[in-house]
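Hi everyone, thanks for coming. I'd like to walk you through one structure today, so let me put it up on the screen.

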Amino acid sequence: MKEDCIFCKILAGEIPSATVYEDDSFKAILDVNPAARGHVIILPKTHAANLYELPDEEASKIMVVAKKIAIALKETYHCDGINVLQNNGEASGQTVFHLHVHVIPRYTGDTDTINIGWKPQETPSDMAAIVEEIKANL
């Protein structure tokens with residue numbers, strides 16, 4: 001646990017939260033500033049600032065929890081889709097530096113209130129070079 005981390009304080013019970021799921025490794029809570037009704041945040045109980053710091057075992061387990069939450073949201077709200085979103089670093093939109101995964105119910109036409117996306121670029125002509133650049137660091 002990190003002393004100045006709001007999510008660590010939530011996990012420690014120092015700050016109240018609306019818990020929808022909990023196991024030995026994770027706690028899933030309602031987002032206090034939701035993008036949509038039922039917006040859930042999954043928190044690892046071990047502090048990791050971002051994906052780069054998260055142990056591999058927890059990284060694989062968190063997607064199982066995200067799937068479980070996504071299914072529950074789909075059945076509860078009959079939404080048209082689900083976003084599973086995780087940001088790493090300020091440039092990506094991360095504002096709390098305790099890794100967390102957002103699970104957000106989505107509805108056809110809700111882009112006036114929720115806008116997660118990017119403008120697709122042209123296919124790079126040097127895809128083989130890009131593959132080699134990335135593979136060099138795997």
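Let's start with Lys-61, which is partly exposed at 34% relative accessibility. Keep in mind as we go that this is a predicted model. The side chain of Lys-61 meets that of Glu-57 in a salt bridge, 3.2 Å from N to O. Both residues sit in helix α2, four residues apart, which is about one turn of the helix. Glu-57, for its part, counts as exposed, at 54% relative accessibility.

How many salt bridges does the structure hold? There are three. Another one joins Lys-45 and Glu-22, with their closest N and O atoms 2.8 Å apart. Lys-45 is in the loop between β3 and α2, while Glu-22 belongs to strand β1, residues 19-22, so this pair ties together parts that are 23 residues apart in sequence. Lys-45 is partly exposed, with a relative accessible area of 24%, and Glu-22 is partly exposed too, at 44%.

Then we have Asp-110 and Arg-106, whose side chains meet in a salt bridge at 2.7 Å, N to O. Are these two buried or exposed? Asp-110 counts as buried at 10% relative accessibility, and Arg-106 is buried as well, with a relative accessible area of 13%.

Now for the inside. In soluble globular proteins, nonpolar side chains tend to be buried together. Here, the largest nonpolar core has 16 residues, and those with the most contacts inside it are Ala-28, Ile-42, Ile-62, Val-65, Ile-69 and Val-103. Which elements give two or more residues to this core? They are β2 (26-30), β3 (40-44), α2 (56-77) and β5 (101-106). Helix α2 gives the most, with six residues. Apart from this core lies another, of eight residues, including Cys-5, Cys-8, Leu-11 and Ile-29.

Beyond its neighbours within four places in sequence, Val-103 is in contact with several residues, among them Val-40, Ile-42, Ala-66, Ile-69 and Leu-73.

Last stop, the largest pocket, with a volume of about 490 Å³. Of the 28 residues lining it, the closest to its centre are Phe-7, Asp-31, Ile-41, His-100 and His-102. Helix α1 (6-11), β2 and β5 each supply at least two lining residues, and the largest share, three residues, comes from α1. What is the lining made of? It divides into 16 nonpolar residues, eleven polar and one charged.

That's my tour, and I'm happy to go back to any part of it.

Conventions. Residues are numbered from 1 along each chain as its sequence is written. This is a predicted model: local features need pLDDT of at least 70, side-chain atom pairs count only at pLDDT 80 or more; totals for chains, interfaces and linings use all residues. Side-chain values use heavy atoms; hydrogens and water are left out. A nonpolar core is a set of buried Ala, Val, Leu, Ile, Met, Phe, Trp, Tyr and Cys residues joined through side-chain atoms within 4.5 Å. Buried means under 20% relative accessible area, exposed over 50%, partly exposed in between (1.4 Å probe, protein chains only). Contact means heavy atoms within 4.5 Å. On a 1 Å grid over the protein atoms alone, a cavity is a set of points where a 1.4 Å probe fits but cannot get out, and a pocket is an open set with protein on both sides within 12 Å along at least five of seven lines; lining residues have an atom within 4 Å of a point. Grid points are joined across faces, edges and corners, and a volume is the space filled by probe spheres set on the points. Ala, Val, Leu, Ile, Met, Phe, Trp, Tyr, Cys and Pro count as nonpolar, Asp, Glu, Lys and Arg as charged, and the others, Gly among them, as polar. A salt bridge is a side-chain nitrogen of Lys or Arg within 4 Å of a carboxyl oxygen of Asp or Glu.
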